[in-house]
Amino acid sequence: MKTLCMDSAHKNLLIALIEDGEVKASICEECWKKQSETLFPALVSLMEEANWEVDDIEHVIITDGPGSYTGVRIAMTVAKVLCTRKQIPLSCISSLQLYAGMRENVFVLLDARSKRAYCAALNKGNFTMDEQILTLDEIKQLTENTQYTVLGDTELLGIEKPEIDLVENFKQLMPLARPIDNIHTLVPRYLKDQDSYKVK
């Protein structure tokens, strides 16, 4: 199985070409607000490196949010066009799952501006606390007296940022990706509604 994995929901552009569980070519670099102009040249380069043709792609997995309003749409638009044209399956993972990977007992936060962050708690790729938007003060209260390993934009809390291999995380999370039954109805998950600002 040849799978194209993409994430453009936050600060990074991540593209990975994975064949039967092995990463054939990948890129993961910070290019805040430049993902749209970087994605296609990077994808072409990676396809050449892996010796893949477009018609070789059998499955696409993307992050569907939460994240940047424009960023989430970049990879999603490419995926929807590709999967519709080729009639191949599309699956999604959360951008918070991507940062957590398969680590145990982690808390992930990604900057949502205005002293808020998208956040969730996860264990081995599964959510133990719903995705939501909280203030940084609320997040500090949640995490300071717990055994969570905090990942993501930890500098917002004054915590040293740990190293994360997002490509490896994507590979490990592939079995947990949610299949999308109707590609045309897939929309980004922004968590911007009013209820998202309340602790669940």
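Residues are numbered from 1 along each chain as its sequence is written, and side-chain values use heavy atoms, with hydrogens and water left out.

The predictor's confidence in each residue is given by pLDDT, on a scale from 0 to 100. Its mean over the chain is 93, and 96% of the residues reach 70 or more. Residues 194–200 are a stretch where pLDDT stays under 50. For that stretch the model has 15 contacts beyond four places in sequence, a contact being heavy atoms within 4.5 Å. Where pLDDT is low, the predicted coordinates should not be read in detail.

Helices (H or I, at least four residues) and strands (E, at least two) are DSSP runs, numbered from the N terminus. Helix 2 covers residues 69–86. Its 18 residues should span 26 Å at 1.5 Å a residue, and the end C-alpha atoms are 27 Å apart, which agrees; the expected span is 1.5 Å times one less than the number of residues. Residues are called buried under 20% relative accessible area, exposed over 50% and partly exposed in between (1.4 Å probe, protein chains only). The buried residues of helix 2 include Gly71, Ile74, Met76, Val78, Leu82 and Lys86. This buried set packs against strand 1 (2–7), helix 1 (35–50), strand 4 (59–63) and strand 5 (90–93). Just after the helix, Gln87 takes a positive phi of about 55 degrees.

A nonpolar core is a set of buried Ala, Val, Leu, Ile, Met, Phe, Trp, Tyr and Cys residues joined through side-chain atoms within 4.5 Å. The largest such core has 34 residues, and those with the most contacts inside it are Leu4, Met6, Ile15, Leu17, Val60, Ile62 and Leu90. At least two residues of this core come from each of strand 1, strand 2 (12–19), strand 3 (22–30), helix 1, strand 4, helix 2 and strand 5. Helix 2 supplies the largest share, eight residues. Leaving aside neighbours within four places in sequence, Leu4 is in contact with residues including Ile15, Leu17, Leu43, Val60 and Leu82. Apart from this core lies another, of 25 residues, with Cys5, Ala100, Ile133 and Leu173 among them.

Strand 7 (residues 116–123) is mostly covered, since six of its eight residues are buried. Two strands pair if DSSP finds at least two bridges between them. Strand 7 pairs in the antiparallel sense with strand 6 over seven bridges, and in the antiparallel sense with strand 8 (residues 126–135) over seven bridges. Arg113 has Arg116 of strand 7 as its bridge partner, while Cys119 stands opposite Gln132 in strand 8. The hairpin of strand 6 and strand 7 has two residues between the strands, and there Ser114 takes a positive phi near 55 degrees. Lys115, in the loop between these strands, has a positive phi near 60 degrees and is exposed, with a relative accessible area of 69%. In the hairpin of strand 7 and strand 8, with two residues between the strands, Lys124 takes a positive phi near 55 degrees.

The structure holds two aromatic pairs. Rings of Phe, Tyr and Trp (its six-membered ring) pair if their centres lie within 6.5 Å; planes under 30 degrees apart count as stacked, over 60 as edge-to-face and the rest as tilted. Tyr69 and Tyr190 are stacked, at 4.9 Å centre to centre with 25 degrees between the planes. This pair links distant parts of the chain, 121 residues apart: Tyr69 belongs to helix 2, and Tyr190 to the segment after strand 10 (178–179). Tyr69 counts as exposed at 52% relative accessibility, whereas Tyr190 counts as buried at 15%. Phe107 and Tyr148 form a tilted pair, 5.6 Å centre to centre with 50 degrees between the planes. Phe107 lies in strand 6 (residues 106–113) and Tyr148 in the loop between helix 4 (136–143) and strand 9 (149–152), so this pair ties together parts 41 residues apart in sequence. Phe107 is buried at 0% relative accessible area, and Tyr148 is partly exposed at 24%.

Asn51, in the loop between helix 1 and strand 4, has a positive phi of about 60 degrees although it is not a glycine. Pro66 is found in the loop between strand 4 and helix 2, and the peptide bond from Gly65 to Pro66 is cis, with omega near 0 degrees.

Definitions and conventions:
This is a predicted model: local features need pLDDT of at least 70, side-chain atom pairs count only at pLDDT 80 or more; totals for chains, interfaces and linings use all residues.
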